[in-house]
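Hi there,

Here is the structure I promised to pass on to you. Have a look at it first, and my notes follow below.

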Amino acid sequence: MEEKKRVWVAVGVIENKRGDILLAKRSADRHQGDRWEFPGGKVESGEDLLTALDRELWEEIGIRVLDCIPFMELCHDYPEKSVLLDIWKVTRFEGEPYGREGQECCWVPLARLHEYHFPDANAPIVSRLQQGLHRR
């Protein structure tokens, strides 16, 4: 049996001062297309994680990471590949996020995240973010 390709992905959960979370919509022609996601992308060979996170967020949404903290790490197996998501909460950034690749972006209140259609691998991220709402 052929081993699935494993892709290491740096993911940013970006929060504004109101506590809203930035989502970006995947293009229809991509894996898990037309779904909303937390911005980020592949960690390149020889690249460290935080460099990848900053590079990907610059390329995708035009921001530079100033401060971030580790949020969670998870693996998810799709039929065609496996992903290792290294998720960081971006607490401070420079620039105003927008879809540099033409993708739609929006700020979503934490309490409404579950109303959006995410890639399957993102479900645990949404759950963990919303767990904090029930403790307030």
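Which residues does L129 touch, leaving aside those up to four places away in sequence? In this predicted model, the partners are V13, F38, F71, K89, L110 and L113.

L129 also turns up in the largest nonpolar core, which has 24 residues. Together with L23, F38, L85, I87, L113 and I125, L129 belongs to the group with the most contacts inside that core. Two or more residues come from each of β1 (5–14), β2 (21–25), β5 (64–77), β6 (81–94), β7 (105–108) and α2 (123–131). The element that gives the most is β1, with four residues. Another core, of 13 residues, lies apart from this one, and L57, I63, V65 and V90 are among its members.

Next, the helix that carries L129. The buried residues in α2 are I125, V126, L129 and Q130. They sit on the same side of α2, because the arc they cover around the axis is only 125°. As for what they pack against, the buried residues of α2 meet β1, β5 and β6.

Best wishes

Conventions
Residues numbered from 1 in each chain as written. Predicted model: local features only at pLDDT ≥ 70, side-chain atom pairs only at ≥ 80, totals over all residues. Heavy atoms only, no water. Core = buried A, V, L, I, M, F, W, Y, C linked by side-chain atoms within 4.5 Å. Buried < 20%, exposed > 50% of the residue type's maximum accessible area, 1.4 Å probe, protein only. Contact = heavy atoms within 4.5 Å. Arc of directions from axis to C-beta.
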